[in-house]
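I begin with a term that the entries require.

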Amino acid sequence: MIDVHCHIFSFKNVPDSFFPVIFTKRDKNGDEVLLPYIPIIKETNIYDRFSKFFDIGNSSYENILDGFFRYYSKNSIITPLLIDWTYGLKGEIKEDFYSQFASLANLKMSHPNVVKPFLGIDPRRDEILELVKKHVGSTKEFYGVKLYPPMGFLPSDPKLMPIYEYCEANSIPITTHCSSTGIASSYKKFHIEGFRFIDNVEKLFKEDIKFRFTSESVGYFCSPSNWKVVLNKFPNLYLNLAHFGGENEWKKYMNNDKNTWVDKIINLILKYPNVYTDISYTFTYRQFFPMLKKMMSSPLKNKILYGSDFYVSVIEGQFYSFLNNLLIDFSEGELELMAVKNPSNFLKMENLPSFKFNEIFKFMN
């Protein structure tokens, strides 16, 4: 089984503004503590969910990795996605980008057949091309590249173009956040540079922009339409538009709304040979399963990837129930496509260990 979208990070790797201050505080050890006296949380099971999330985030990388194998068979492969929070979130970081970099690289060295991390890239970091060339590749510390545009940049930023050129030439996979929800930058004002089509002509633009709400900024930075100009330049790029648009866009899609992010992602998948999407987090909501199952009998079937968004997705409830629902609602062939064959194609992995269907996910006693 291959999980193409998951996370292994400590709360020491994130700035203070990662969490709302009214819900949390840092203790003297630098651990994040959930405040128990917030009525809106305490009156629901949300508090229990967040407590579990905090227990994981305050533990070690090895402990988080061990948590995967409560659910997955031992011959599974995971691709933890490093995110560079430095430029998008305010506040102090106890263990910065390079500490997270080193921790994931060391975990990969300790578990080379299991852990295939992706390196987080932000165009505001000067040395990104050197980092990718030196550290990203099938035989290096990081297997692929991760982009998280809601930190305040566009995928079409000109500083990212050499990254795409290198990744396309070397078949290095890229996973990008492509949901209308998610953790957004704590800033409101941005200086933006990027390419876009104006009157069907590709042009570089620069602008200063201000958002009132984080929902506006996420929509601006993460829209799948932002990738049109990138894929026009690099049509063979291996790209995963993660989350398949997100919960809100799926609700619109299921309501037969037009021109949703789901529609836009589908159009890019059908147009470009190496564009994929994953089901991470969005499909913790079982109401979307019937439509996903229809897609697994369509031309999209070879482009849909299994991703869990573990451990972030534990906030939505029992992670084991999510896996059970997949096993109940999807056939052996559909799960093998999503969780083995399609991810191996996206990641360009060969000579994988054989997976038996009943070992794709591990049943707990």
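I call a crossing left-handed if the near helix is turned anticlockwise from the far one by less than a right angle, and right-handed if clockwise. The model is predicted: local features need pLDDT of at least 70 and side-chain atom pairs pLDDT 80 or more, whereas totals for chains, interfaces and linings use all residues. Residues are numbered from 1 along each chain as its sequence is written, and side-chain values use heavy atoms, without hydrogens and water.

Entry 1. I looked up helix H3 (residues 61–68) and helix H4 (residues 97–110), whose axes come within 11 Å and cross at roughly 50°. H3 is therefore oblique to H4 (roughly parallel is under 35 degrees, roughly antiparallel over 145, roughly perpendicular 65 to 115, and oblique the rest). H3 passes H4 in a right-handed crossing. Tyr61, Glu62 and Leu65 of H3 meet Gln100, Ser103, Leu104, Leu107 and Ser110 of H4 in contact (heavy atoms within 4.5 Å).

Entry 2. I then examined helix H9 (residues 247–254) and helix H10 (residues 261–271), which pack at about 90° with axes 8 Å apart. H9 and H10 are therefore roughly perpendicular. The contact involves Glu249, Trp250 and Tyr253 of H9 with Trp261, Val262, Asp263 and Ile266 of H10.

Entry 3. I looked up the largest nonpolar core and found 98 residues, with Phe68, Tyr72, Tyr164 and Tyr306 having the most contacts inside it. Such a core joins buried (under 20% relative accessible area, 1.4 Å probe, protein chains only) Ala, Val, Leu, Ile, Met, Phe, Trp, Tyr and Cys residues through side-chain atoms within 4.5 Å. Helix H12 (residues 319–329) gives the most to this core, six residues.

Conventions
Axes fitted to C-alpha atoms, helices over the stretch in contact; angles between N-to-C directions. Helix = DSSP H or I, 4+ residues; strand = E, 2+ residues; numbered from the N terminus. Buried < 20%, exposed > 50% of the residue type's maximum accessible area, 1.4 Å probe, protein only.
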